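The sequence and structure come first.

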Amino acid sequence: MKSITKTARIKTANLLLALSLPALAGAVAWMLSEGARPAVAQAAPAEKVIGGPYAVHVGPRSATIMWVVETGQASVGLAQDKMSNTVPILRAEKILLTGLKPGTEYFYQSFAGDAGKGSVKTAPLGPSAFQFVVYGDTRTRHDVHRAVIAAVLKYSHPDFVMQTGDLVENADSTALWPIFFDAERELLRRAAYFPALGNHEHNSKNYYDFMDAKPYYSFNWGTAHFAVINSDIANVRASQVERDAFWQEQTRWLEADLQAAQTADFRFVFAHHPPMTAVKRRQGDNPHMTALEPVFEKYGVAAAFFGHDHNYQHYKKNGLHYFITGGGGAPLYDVSTPPEGMTIKVESTENFVIVNVDGKKAHVEARKPNGDTLDSADLGH
C-alpha cells in the first residue's frame, strides 16, 4: 500500500486498516518504512458519530472512507426559554486510501469501537463477475426504508450500491440525516456507495458534503461503465438561463463520456427523473429526460435506472431497458397508465433491483422487501 492520505478535517494521523492477506505484508512494510503508527480516529469528547462508516469514490486503487459527526446542537424559538426547534450540527469526515489492489476486499476501522469497522471491495480491472444493487426514494416511511435495507442485506451481497436519489425528505435539514444513516448503516459499512441527486436533495450543500459528491460523474467497474447524471434541473441554478446552460453542459459531458466508453461491455446510466412513467399525473413531466433517449440509443446504453416515481416500472424501447426503482420508503404511487408498446412490468410496490454482471452477460432481478421476485431480465451481447 503506497499511502493513506488525510483529507477534510481529520484530527488523527492514520486510519487503522485490517487488510486482506495479499496486501497485509506490504502495509506492514509501509508502516515500518514511514514510521507510521496506526491509530483509531476518534471524535472529540463532545462529539458523536451519527453516520457511517461508508465508502465512496471507490476505484481499482483507491477509496474514500467517510463518517458523519454531530458536533453540537442549535436551537431556535420565540423566546430564550422557549426553544421549540433543536437540530444537530453535523460535520463530514473523510480519509482517502490509495495504493490499493484492484478487485480486493479491504477491512478498515474508521473510528473507535465495533461501529467504526467496515469493509470495501475495490473495483476490478478487466472482465469480472460482480453484483450491484439499485434502489431510491428512501426519504420517508422510515420503517419501510429499514425493511428495504434489511431485504437487500438478506437477498443480495452487492459490491456496491447505486442510489437513484431522494435519500431524505429535505437534504437541508440536518435532523433527517441521522435517521437516514441509521437505517442504512449495516449496508453502508460493507458496500461502496454511488448516489444520484433527487429533487428532495434540493441541490443542498449537505448532500455534497456527506456524499463527497459531484452533480454528475462516471466510473468503471470491471468492463462495465456507469454514468450518473443530475436530472433535477429545477434546483440546480437560480435562473432559467443558468439551468439551461447547466443542462447543455451536462448533456455534452454525457455524450463525450458514453462515446469514450464504447469498448465497455456494458454502459449503464443512472438519474432520478425517468423519461417515461405509468403514473398518469406525471406523464410528460420530464421532457429534458425524454430528450436523452436518442443519446442513450446512439451510444449503446444497455440499461438506464431511475427513481422519482414510488413504485416499480420496467420498459424496453428500441432495445434499451429502462428501470424505475423508487420503492425505498416514500409513499407509493399508482401505475394506472403504462405507456403502450414498451411496458414489460409495472407494479405499485416497494422494491429494489439486483444486477449480477459476469463479463459480457448481466442479469437484472427486481424484488419486494419480502423477497418475492417482481421481474427479471437478461442483458448481454
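The sections below go from the whole chain to its cores and then to a cavity.

## Basis

The model is predicted: local features need pLDDT of at least 70, side-chain atom pairs count only at pLDDT 80 or more, and totals for chains, interfaces and linings use all residues. Residues are numbered from 1 along each chain as its sequence is written, and side-chain values use heavy atoms, with hydrogens and water left out.

## Chain overview

The chain contains eight helices and 20 strands, taken as DSSP runs numbered from the N terminus (helices H or I, at least four residues; strands E, at least two). Of its 381 residues, 56% are buried, meaning under 20% relative accessible area with a 1.4 Å probe, protein chains only.

Contact means heavy atoms within 4.5 Å. Among contacts between residues at least 6 apart in sequence, 68% join residues at least 24 apart.

## Nonpolar cores

A nonpolar core is a set of buried Ala, Val, Leu, Ile, Met, Phe, Trp, Tyr and Cys residues joined through side-chain atoms within 4.5 Å. The largest has 45 residues, and F132, F160, M162, F226 and F268 have the most contacts inside it. Strand β4 (residues 62–76) gives the largest share of this core, four residues.

Leaving aside neighbours within four places in sequence, the contacts of M162 include F132, Y135, F194 and F270. A second, separate core of 33 residues includes I149, V161, W177 and L187.

## Second largest cavity

The residues lining the second largest cavity include R139, H142, E169 and F180. Helices α2 (142–155) and α3 (177–188) each supply at least two residues of this lining.

How values were computed: 1 Å grid on protein atoms, 1.4 Å probe; cavity = no way out; pocket = protein on both sides within 12 Å on 5 of 7 lines; lining within 4 Å. Buried < 20%, exposed > 50% of the residue type's maximum accessible area, 1.4 Å probe, protein only.
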